[in-house]
Amino acid sequence: MDTLYSNVYKTSDSSIHILNPIITTINASHGSSTTLAIVESSTNPFSISDHITIDMGYTTNHAVIFNGYITSIQQTIPDGVYTLTANDDLVRAGDFFIVSSNPSTPLSYSNITGETLISNLLALASLTNTS
């Protein structure tokens, strides 16, 4: 019989991870622009703004279900449980303020499709993998 599996790891270094945290919750909603992940664990090898990946499922059948940035780390006392909050990669698009480096030449586009405009704006926020 398969057992539940969860691994939260730093995307740039998978050796930095939390294997089978106490709780892993992924909240996705049509009413929210980003997906939220909450991880509770007795250890915390991460820092705010680390890019993490969450892999969940069963020991013989699991997959990556979340990629994002840690936005909050809290430790409860006296039990010492860490609560990590992360938003998916799209949070960078919401946090990115697009402004021209020269006010006399504002950012402008003409004769392009909506899809191209969105791709260009996401690229400005370094979000180039939109698949």
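Author: The side chains of Ser6 and Thr24 are joined by a polar contact of 3.2 Å, where a polar contact is a pair of N or O atoms within 3.5 Å, one of which, within protein, must be able to donate a hydrogen and the other to accept it, while residues adjacent in sequence count only if both atoms are side-chain atoms. This is a predicted model, in which local features need pLDDT of at least 70 and side-chain atom pairs count only at pLDDT 80 or more, whereas totals for chains, interfaces and linings use all residues. Residues are numbered from 1 along each chain as its sequence is written, and side-chain values use heavy atoms, with hydrogens and water left out.

Ser6 belongs to strand E1 (residues 4–10); helices (H or I, at least four residues) and strands (E, at least two) are DSSP runs, numbered from the N terminus. With a relative accessible area of 7%, Ser6 is buried, a term for values under 20%, with exposed meaning over 50% and partly exposed in between (1.4 Å probe, protein chains only). Leaving aside neighbours within four places in sequence, Ser6 is in contact (heavy atoms within 4.5 Å) with Ile18, Leu19, Asn20, Pro21, Thr24, Asp55 and Met56.

A second polar contact between side chains, of 3.4 Å, links Tyr82 and Gln75. Tyr82 sits in strand E7 (residues 82–88) and, not counting residues up to four places away in sequence, touches Val39, Glu40, Ser41, Ser42, Thr43, Asn44, Ile73, Gln74 and Gln75. Leu121, by contrast, is 39 residues from Tyr82 in sequence and 35 Å away in space, C-alpha to C-alpha.

Strand E7 is largely enclosed by the rest of the structure, because six of its seven residues are buried. Two strands pair if DSSP finds at least two bridges between them; strand E4 (residues 36–41) runs antiparallel to E7 and is joined to it by six bridges, and strand E6 (residues 61–75), also antiparallel to E7, is joined to it by seven. Ala86 of E7 has Ala37 opposite it and also Ile70 opposite it.

E6 and E7 form a hairpin with six residues between them, and in the turn Gly80 has a positive phi of about 70 degrees. The loop between E6 and E7 also holds Pro78, which is joined to Ile77 by a cis peptide bond with omega of about 10 degrees.

Positive phi values also occur in residues other than glycine. Ser49, in the loop between E4 and strand E5 (51–58), has a positive phi of about 80 degrees and, at 51% relative accessibility, counts as exposed. Asn111, in the loop between H1 and H2, has a phi near 55 degrees and counts as exposed at 84% relative accessibility.

Leu107 lies in the loop between helix H1 (91–95) and helix H2 (114–124) and, at 43% relative accessibility, counts as partly exposed. Together with Tyr109, Ile112, Leu117 and Leu124, Leu107 makes a nonpolar surface patch of about 390 Å². Patches are made of residues with over 30% relative accessible area and no salt bridge, with like charges joined within 9 Å and nonpolar side chains (Val, Leu, Ile, Met, Phe, Trp, Tyr) within 5 Å; a salt bridge is a side-chain nitrogen of Lys or Arg within 4 Å of a carboxyl oxygen of Asp or Glu.

Note on methods
Areas by Shrake-Rupley, 256 points an atom, 1.4 Å probe, with all protein chains shown as cover.
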